[in-house]
Amino acid sequence: RKERNVGEILAHIMPQDLLKFGMIPEFVGRVPIIVTLDALTEDDLVRILLEPKNALVKQYKKFFEFDGVELRFTEGALRAVARKAMQRNTGARGLRAILEECLLDVMYELPSRNDIIRCVVTKDTIERGTEPTLVTSAGDYKDEESA
């Protein structure tokens, strides 16, 4: 047997298959088009994080701007978020929960601190649960590749 994606198999579904599955003929007759969807890839999830008008990364950057802090994500961090969503099998809906996990504590801490100018989320922040790197106005930080 060949290993095939479920989307590939379902792409060949016919109305007769739906009847055999147990759907009533009245319903099958009223649904003239059958469409299947492919699973999202890691690149697709990263694009969802960055590109839409209301993208999650843009939303979180705006939240941090309210407190005068610049939020940066490394490319590795974005890919780690996408991989984690794929592992959890949550797709695009799980992206917000993953970002919330790593940024929630920092978001509560920022309003009471005036010395932080930048918050950098790295791959380790997502994968290992380490705290994001907080850069103060007095300290220097070597800038990593950021998105």
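Predicted model: local features only at pLDDT ≥ 70, side-chain atom pairs only at ≥ 80, totals over all residues.
The largest nonpolar core holds 27 residues, and the members that touch the most others are Leu49, Phe64, Leu71, Phe73, Leu103, Val121 and Ile126. Two or more residues of this core come from each of helix H4 (42–50), helix H5 (56–65), strand S1 (70–73), helix H6 (75–88), helix H7 (95–109) and strand S2 (116–121). In soluble globular proteins, nonpolar side chains tend to be buried together.

An α-helix has 3.6 residues a turn, so residues three or four places apart point the same way. H7 contains a kink of about 50°, centred on Leu103. As for the length of H7, its 15 residues should span 21 Å at 1.5 Å a residue, and the C-alpha atoms at its ends lie 22 Å apart, which agrees.

The strands form the next part of the picture. S1 and S2 pair in the parallel sense over 4 bridges, and within this pairing Arg72 stands opposite Val120 of S2. S2 is also joined by 4 bridges to strand S3 (residues 133–136), and these two strands run antiparallel; here Cys119 has Leu134 in S3 as its bridge partner. How far is S2 enclosed by the rest of the structure? Because 5 of its 6 residues are buried, S2 is largely enclosed.

Two residues remain to be described. Asp43 belongs to helix H4 and has a relative accessible area of 44%, which falls between the limits of 20% for buried and 50% for exposed, so Asp43 is partly exposed. The side chain of Asp43 is joined to that of Arg79 by a polar contact of 2.7 Å. Asp43 and Asp124 are 81 residues apart along the chain, and their C-alpha atoms are separated by 19 Å.

Asn89, in turn, is found in the loop between H6 and H7, and with a relative accessibility of 71% this residue counts as exposed. The phi of Asn89 is near 60°, a positive value in a residue other than glycine. Most residues other than glycine have a negative phi.

Technical notes. Residues numbered from 1 in each chain as written. Heavy atoms only, no water. Core = buried A, V, L, I, M, F, W, Y, C linked by side-chain atoms within 4.5 Å. Buried < 20%, exposed > 50% of the residue type's maximum accessible area, 1.4 Å probe, protein only. Expected span 1.5 Å × (residues − 1). Bend = angle between axes of the 7 residues up to and from the residue. Pairing = 2+ DSSP bridges. Polar contact = N/O pair within 3.5 Å; in protein donor to acceptor, adjacent residues only side chain to side chain.
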